Amino acid sequence: MLLGEFLARRPAEEDFEGFEDAVEAWEAWWEVVMFAPECSAGAVVICHLGCARREWLVISGRYRGTVWSDCRVDDVGLVPLLRR
């Protein structure tokens with residue numbers, strides 16, 4: 001699923017009954033999917049930028065040799081910075 005599609009599923013209206021429960025369930029789902037170990041398997045953190053932002057060097061697999069910016073905490077996701 002694309003990040004935009006994933007974010008579009010977040011409940012948006014505070015005036016429906018059960019909104020708080022719906023948002024809480026979505027945020028739990030977000031944490032499980034976005035921060036799953038599979039998202040960073042084969043990579044090592046090379047820089048911590050503060051506020052849970054990091055940069056990763058991929059050392060194995062298809063993207064070996066690339067550097068990725070990790071701004072998942074800002075609902076941005078993982079974005080390639082440098083390519084081999």
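Guide: Let's start with burial: a residue is buried under 20% relative accessible area, exposed over 50%, and partly exposed in between, with a 1.4 Å probe and protein chains only. In this chain of 84 residues, 25% count as buried. The model is a predicted one, where local features need pLDDT of at least 70 and side-chain atom pairs count only at pLDDT 80 or more, while totals for chains, interfaces and linings use all residues. Residues are numbered from 1 along each chain as its sequence is written, and side-chain values use heavy atoms, leaving out hydrogens and water.

Visitor: How many helices and strands make up the secondary structure of the chain?

Guide: Helices (H or I, at least four residues) and strands (E, at least two) are DSSP runs, numbered from the N terminus. Here there are two helices and four strands, running α-α-β-β-β-β from the N terminus on. The chain's radius of gyration is 15 Å, well over the 12 Å that the globule rule gives for 84 residues, so the chain is more spread out than a compact globule. That radius is taken over C-alpha atoms, and the rule is 2.2 Å times the number of residues to the power 0.38.

Visitor: In which sense do β1 and β2 pair?

Guide: Two strands pair if DSSP finds at least two bridges between them. Strand β1 (residues 43-50) and strand β2 (residues 53-58) are antiparallel, with six bridges; His-48 has Arg-54 in β2 as its bridge partner. The two strands form a hairpin with two residues between them, and Cys-51 in the turn has a positive phi of about 55°.

Visitor: How many aromatic pairs are there?

Guide: Rings of Phe, Tyr and Trp (its six-membered ring) pair if their centres lie within 6.5 Å; planes under 30 degrees apart are stacked, over 60 edge-to-face, and the rest tilted. The count by this rule is two aromatic pairs. Trp-26 and Trp-30 are stacked, because their ring centres are 5.4 Å apart and their planes at 20°. Both lie in helix α2, four residues apart, about one turn of the helix. Trp-26 is buried at 6% relative accessibility, and Trp-30 is buried with a relative accessible area of 4%. Tyr-63 and Trp-68 have ring centres 5.4 Å apart and planes at 80°, so that pair is edge-to-face. Tyr-63 is partly exposed at 35% relative accessibility, whereas Trp-68 is buried at 17%.

Visitor: Is Val-32 buried or exposed?

Guide: Val-32 lies in helix α2 (residues 19-34) and counts as exposed, at 59% relative accessibility.
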